[in-house]
Amino acid sequence: METVPLTPFKVVVEGIKEAGGDADKFCYQCGKCDTVCPWNRVRNFSVRRIIHQAKFGVVPFESEDLWLCTTCRNCVQRCPRGVEIIDVMRAMRRVLVPDGVVPTSIPNLRGFMTSIASVGNPWGQEPNERANWAKDLGVKEFDEHTEVLYFPCCYLAYDPRLKKVAQATAKLLNKAGVDFGILGSREMCCGESVRQAGNEQLFRRLAKENIKTFVDMGVKKILTSSPHCYNAFKNEYSEFKVNFEVVHITQYLFQMIGEGKLKLTKEYAKQVTYHDPCYLGRHNGIFDQPREALKKIPGLELREMADARQDSLCCGMGGGRIWMETAREERFSNLRLEQAIGVGAEVLTTACPYCITQFEDTRLTLKDGEGIQIKDITEILQEVV
């Protein structure tokens, strides 16, 4: 039988169904999504218009708007109709990325996807250098007898700033006596940002290769530093009929502190504010463990920003935008650092490599940025155990 090519509208509908969404839920056009979208703090942007276009099968091929969505989920949690807006955005992007071919108007994204496809990481680095961050830390390679697989992610494996987070994490796990290991050169990108950017074909290839490695190595429990890896392994890899126990590092360290395996003995006499990453908070409901771990640190004063917990202000790097250029004057991170400085914080801490990358860059350009430090929770905890 001859197959009939899907029209853009049918591709959108099929994409929503594949993601587990309800394709029959179309919006009331109430505009609540627009009122909470972080883009409308820095420019004019209408989620409602894009969803309206999707309803009638119109895909804005030449428009930049479809690539702006950071998949922060703020609009989804406010939608009275229950429209899975992120699924719609992702499905429409798939129309624009047939067979993984990224539009030439987004050159950075195209280059990163090519690198991920060829060597398993976005910077084109050698896979055999992936475990260099762990040298001299006593970190072993995972085998079938190891209890926990630590999966640091591409950023923590290769980026000079983020390697410090991976190293702090390994030191904490060693001090807690955790039997853990890493995959080293066998680890590759989880594919989360690739899928959000519309390259479903590459995501599925990465997922299948990672799953095969996990199964072959006897992995049962995966510990992640990145909320994006956490979300992929926990909520997206399940589509492939696998069921690994997936734990984010903030959950795990809070448990270790509660069990007395990590003793926080040194004082950290600083005013600290915590930023909820979208994929840890809104997407997966992890709000309390990071805060409770911080509260157990002697001398630390925790201060909340205006947009916190489920209302957290997105850093701007989700939805594949970590690989796209954002004009400096349109970065949500500018507003976030101003909020942190406004509550008198000396340290802005979080638990996501995307957020840290963006905040560090913003800190260098913000007028009062030199007065605040950016740290992962593991970096603070490592200082006080």
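## A buried phenylalanine pair

Both phenylalanine 151 and phenylalanine 233 are buried (under 20% relative accessible area; exposed is over 50%, partly exposed lies in between; 1.4 Å probe, protein chains only). The model is predicted: local features need pLDDT of at least 70, side-chain atom pairs count only at pLDDT 80 or more, and totals for chains, interfaces and linings use all residues. Residues are numbered from 1 along each chain as its sequence is written, and side-chain values use heavy atoms, with hydrogens and water left out.

## Aromatic pairs

The structure holds 16 aromatic pairs. Rings of Phe, Tyr and Trp (its six-membered ring) pair if their centres lie within 6.5 Å; planes under 30 degrees apart are stacked, over 60 edge-to-face, and the rest tilted. One of the pairs joins phenylalanine 112 and tryptophan 323. Their ring centres are 4.7 Å apart and their planes sit at 40°, so this pair is tilted. Phenylalanine 112 belongs to helix α6 (residues 107-119) and tryptophan 323 to the loop between β7 (301-303) and α14 (332-342), so the pair ties together parts 211 residues apart in sequence. Helices (H or I, at least four residues) and strands (E, at least two) are DSSP runs, numbered from the N terminus. Tryptophan 323 counts as buried, at 6% relative accessibility.

The rings of phenylalanine 151 and phenylalanine 233 have centres 4.9 Å apart and planes at 90°, so they meet edge-to-face. Phenylalanine 151 is in strand β2 (residues 148-151) and phenylalanine 233 in helix α11 (residues 227-236), so the link spans 82 residues in sequence. Ring pairs join Phe151, Phe203, Phe214, Phe233, Tyr237, Phe240 and Phe244 into a cluster.

## The nonpolar core

A nonpolar core is a set of buried Ala, Val, Leu, Ile, Met, Phe, Trp, Tyr and Cys residues joined through side-chain atoms within 4.5 Å. The largest has 127 residues; Ile85, Leu109, Trp133, Phe214, Phe233, Tyr237 and Ile297 touch the most other members. Helix α10 (residues 200-217) gives the most to this core, with 7 residues.

Which residues does tyrosine 237 contact, leaving aside neighbours within four places in sequence? Tyrosine 237 is in contact with Cys190, Phe203, Leu206, Ala207, Asn210, Ile211, Phe214, Ala232 and Val242. Contact means heavy atoms within 4.5 Å.

## Helix α11

Helix α11 is mostly covered, with 8 of its 10 residues buried. Those buried are Pro227, His228, Cys229, Tyr230, Asn231, Ala232, Phe233 and Glu236. Serine 226 caps the N-terminal end of α11, with a side-chain oxygen 3.1 Å from the backbone nitrogen of histidine 228.

## Lysine 375

Lysine 375 is found in strand β9 (residues 373-376). Lysine 375 counts as buried, at 15% relative accessibility. A polar contact of 3.3 Å joins its side chain to that of glutamate 383. Such a contact is a pair of N or O atoms within 3.5 Å; within protein, one must be able to donate a hydrogen and the other to accept it, and residues adjacent in sequence count only if both atoms are side-chain atoms. Not counting residues up to four places away in sequence, lysine 375 touches residues including Arg161, Tyr268 and Val347.

## The parallel sheet

An open sheet of 5 strands runs in the order β1-β3-β2-β4-β5, with parallel pairing. Two strands pair if DSSP finds at least two bridges between them. The edge strands, β1 and β5 (245-248), each pair on one side only. Strand β4 (residues 221-224) pairs with β5 in the parallel sense over 4 bridges. Isoleucine 222 stands opposite valine 246 in β5.
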